[in-house]
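Welcome, and thank you for taking a look at this one with me.

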Amino acid sequence: MDNKPAGFWIRFLASLIDGILIQMLAAVIALLIGDESFWNYWTSRIGSNTSISVADYMYSIVFIIFFTGSRFMGSPGKLACRIKVVNLDGSQVTILKSIARFFSYIISAVPLFVGFMMAGWNEEKKALHDMICQTRVVYRYE
């Protein structure tokens with residue numbers, strides 16, 4: 001079976017894995033730059049800090065945008081879950097489409113992440129950002 005759509009929960013797991021990897025990257029950055037606010041953030045839960053911001057930007061650009069638009073066809077979380085992002089015809093998305101898809105996440109998040117949840121409600125398992133960018137998230141069978 002080829003191009004079986006990936007549903008909400010496997011995509012959620014991939015996002016969770018990406019979130020954990022972002023925090024691990026932030027911890028490494030905090031150690032390298034001596035960012036004590038990173039360690040205080042986890043005890044106080046107040047505000048933001050440099051390490052997390054840098055890790056978010058780095059991870060978003062390199063591992064979400066570029067990985068999705070490359071032969072990897074997805075973020076490390078998607079790779080771990082054996083799913084990939086493709087065009088409607090099953091071909092690899094371009095970097096430009098990957099950038100558009102990333103920024104379409106904003107629309108999927110407002111209001112209350114309903115655009116993401118749509119992947120669990122429709123037969124094609126498409127989230128709002130998939131509909132906007134004409135992409136699909138499918139299982140890998142390599």
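## Notes for a new reader

1. Let me start with how the chain meets itself. Taking contacts in the protein chain between residues at least 6 apart in sequence, 62% of them join residues at least 24 apart. Please keep in mind that this is a predicted model.

2. Next, the elements. How many helices and strands does the protein chain have? There are seven helices and two strands. Read from the N terminus, their order is α-α-α-α-β-α-α-α-β. The radius of gyration is 16 Å, close to the 14 Å that the globule rule gives for 142 residues, so the protein chain is as compact as a globular protein of that length. The C-alpha trace spans about 50 × 30 × 25 Å along its principal axes.

3. Of the 142 residues in the protein chain, 39% are buried. The chain exposes about 8200 Å², and carbon and sulfur atoms supply 69% of that area. There are 13 positive and 10 negative charges, and their mean positions lie 6 Å apart.

4. Now please find the two strands. S1 covers residues 83-87, and S2 covers residues 135-139. They run antiparallel, with five bridges joining them. S1 is mostly covered, as five of its five residues are buried. Which residues of S1 lie on each side? Ile 83, Val 85 and Asn 87 are on one side, while Lys 84 and Val 86 are on the other, and both faces are covered.

5. Is Lys 84 buried or exposed? With a relative accessible area of 11%, under the 20% cut-off, Lys 84 counts as buried. Beyond residues up to four places away in sequence, Lys 84 touches Met 73, Arg 136, Val 137, Val 138, Tyr 139, Arg 140 and Glu 142.

6. Met 73 is found in the loop between helix H3 (50-68) and helix H4 (76-80). Its phi is near 60°, a positive value in a residue other than glycine. Met 73 is buried as well, with a relative accessible area of 12%.

7. The peptide bond from Val 110 to Pro 111 is cis, with omega near -15°. Phe 113 lies in the loop between H5 and H6 too, and although it is not a glycine, Phe 113 has a positive phi of about 60°. Phe 113 is exposed, with a relative accessible area of 51%.

8. Finally, please visit Phe 38. This residue is found in helix H2 (residues 36-44) and is buried, with a relative accessible area of 3%. Which residues are in contact with Phe 38, leaving aside neighbours within four places in sequence? They are Gln 23, Ala 26, Ala 27, Ala 30, Asn 49, Ser 51 and Ile 52. Ala 27 lies eleven residues from Phe 38 along the chain, and their C-alpha atoms are separated by 7.4 Å.

Key. Residues numbered from 1 in each chain as written. Predicted model: local features only at pLDDT ≥ 70, side-chain atom pairs only at ≥ 80, totals over all residues. Heavy atoms only, no water. Helix = DSSP H or I, 4+ residues; strand = E, 2+ residues; numbered from the N terminus. Rg over C-alpha atoms; globule rule 2.2 N^0.38 Å. Buried < 20%, exposed > 50% of the residue type's maximum accessible area, 1.4 Å probe, protein only. Contact = heavy atoms within 4.5 Å. Areas by Shrake-Rupley, 256 points an atom, 1.4 Å probe, with all protein chains shown as cover. Lys, Arg positive; Asp, Glu negative; His and termini not counted. Charge placed at Lys NZ, Arg CZ, Asp CG, Glu CD. Pairing = 2+ DSSP bridges.
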